[in-house]
Amino acid sequence: MDGCLFCKIAAGEIPSKKAYEDDLVYAFHDIHPLRPTHVLVIPKRHIASLAQVSAADEPVLGRLLAVAQKLAAENGSTDGFRCIVNTGRIGGQEVPHLHLHILGGPAPVGPMVEKI
Ligand code: AMP
Ligand code: ZN
């Protein structure tokens, strides 16, 4: 999609630190890592968020999760990891192109969210 930051990253028009790529998804290191392992996995085709998916997107949604284990292990998180998909305003999504955060490292990631 024109003007989309992550579409440009997937197309190689904006540089990123690539972690993985296949026919459906592209993975790269988060520019502001929150844990020692912080990889983002995105669909190559523009999908704005989990609030915009349809049944036709099931193969790419499956792939996003299926590659997480390998990406975590290859990037320093061999004993588990956490996946987060921030969605829309309530979910705190900043970049409007669906992305899976993979967080981990040698130490536990920490509490899920703060109780409010
Ligand atoms: P979210 O709040 O779920 O939309 O997360 C967006 C993430 O994208 C944040 O963790 C940012 O640090 C990350 N990010 C933004 N721009 C870039 C970029 N050019 N390269 C890598 N990560 C980025
Ligand atoms: Zn996009």
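This is a predicted model: local features need pLDDT of at least 70, side-chain atom pairs count only at pLDDT 80 or more; totals for chains, interfaces and linings use all residues.
Begin by selecting Thr87, which counts as partly exposed because its relative accessibility is 23%, where partly exposed covers the range between buried, under 20% relative accessible area, and exposed, over 50%, with a 1.4 Å probe and protein chains only. Thr87 lies in the loop between strand E4 (82-84) and helix H4, the helices (H or I, at least four residues) and strands (E, at least two) being DSSP runs numbered from the N terminus.

Residues are numbered from 1 along each chain as its sequence is written, chains are lettered from A and ligands numbered from 1 in the order in which they are written, and side-chain values use heavy atoms, with hydrogens and water left out.

Next, select ligand 1 together with the 16 residues that surround it, the closest of which are Asp30, Asn86, Glu94, His99 and His101; a residue is near a molecule if one of its heavy atoms lies within 4 Å of it. By class, this shell has 7 nonpolar, 7 polar and 2 charged residues. Its largest share, 3 residues, comes from helix H1.

Taken alone, ligand 1 exposes 500 Å², and the protein buries 85% of that, the areas coming from the Shrake-Rupley method with a 1.4 Å probe.

Now zoom in on His99, found in the loop between helix H4 (88-91) and strand E5 (100-104). His99 counts as buried because its relative accessibility is 5%, and its side chain reaches the backbone oxygen of His97 at 2.7 Å.

Finally, move to Ser49, whose place is in the loop between strand E3 (37-43) and helix H2 (58-66). Is Ser49 buried or exposed? Ser49 counts as buried, at 5% relative accessibility, and its side chain reaches the backbone nitrogen of Ala51 at 2.9 Å.

Technical notes. Ala, Val, Leu, Ile, Met, Phe, Trp, Tyr, Cys and Pro count as nonpolar, Asp, Glu, Lys and Arg as charged, and the others, Gly among them, as polar. A polar contact is a pair of N or O atoms within 3.5 Å; within protein, one must be able to donate a hydrogen and the other to accept it, and residues adjacent in sequence count only if both atoms are side-chain atoms.
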